[in-house]
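Here are my notes on this model, point by point. Please keep the structure open while you read.

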Amino acid sequence: MLDKNIQQWLNAYGVSHQNPINKTIHWICVPIIMWTVLALLWEVHLPGLPLLNLALVLIVISLLFYWRLSRNLAIGMVGVTAAMVGIILWHQATLTIPLWQSALTLFVVAWIFQFIGHKIEGKKPSFFEDIQFLLIGPIWLLSFIYRKLGIPYRPAAQA
């Protein structure tokens with residue numbers, strides 16, 4: 001985990017995400033998958049700690065991972081994650097369908113499209129090489145937004 005800097009992670013992830021169709025699928029499906037994972041884990045409470053769930057544990061671990069790679073991207077991911085938690089809370093307060101059912105359905109559909117995208121790309125998903133790439137997908141997308149807005153995301157030593 002500590003052997004790559006942010007640019008090395010993003011470059012390695014980008015190798016299997018060159019095809020425009022695959023990229024478009026990722027722009028849609030990566031945020032959906034991120035939300036569905038958080039939503040599914042939101043339903044799993046830790047024994048004796050009713051306010052703590054596995055989604056919050058994953059959020060803390062992910063943000064620490066992002067912080068080590070890029071403080072600016074980590075700050076952006078705080079906003080992304082907060083929006084996703086907001087959607088989870090809205091879903092629970094507003095919709096009658098259970099959160100886990102919505103999340104599981106979207107999770108399966110989004111992964112089907114991800115694999116279609118990789119079939120079109122002709123390359124396996126990055127996480128087959130290293131499971132940590134599951135955390136890189138969201139910041140890979142965010143890095144494009146940062147570049148477009150002119151927001152630096154690499155530590156000075158990597159710039």
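1. Buried means under 20% relative accessible area (1.4 Å probe, protein chains only). An α-helix has 3.6 residues a turn, so residues three or four places apart point the same way.

2. A word on the source. The model is predicted: local features need pLDDT of at least 70, side-chain atom pairs count only at pLDDT 80 or more, and totals for chains, interfaces and linings use all residues. Numbering runs from 1 along each chain as its sequence is written, and side-chain values use heavy atoms, without hydrogens and water.

3. H2 covers residues 20–42. Helices are DSSP runs (H or I, at least four residues), numbered from the N terminus.

4. Aromatic pairs number 12 in the whole structure. Rings of Phe, Tyr and Trp (its six-membered ring) pair if their centres lie within 6.5 Å; planes under 30 degrees apart are stacked, over 60 edge-to-face, the rest tilted. Phe65 and Tyr66 make a tilted pair, 6.0 Å centre to centre with 55° between the planes. Both Phe65 and Tyr66 are buried.

5. Trp111 and Phe127 pair edge-to-face, at 5.4 Å and 75°. Trp111 is in helix H5 and Phe127 in the loop between H5 and helix H6, so the pair ties together parts 16 residues apart in sequence.

Note on methods
Helix = DSSP H or I, 4+ residues; strand = E, 2+ residues; numbered from the N terminus. Expected span 1.5 Å × (residues − 1). Buried < 20%, exposed > 50% of the residue type's maximum accessible area, 1.4 Å probe, protein only.
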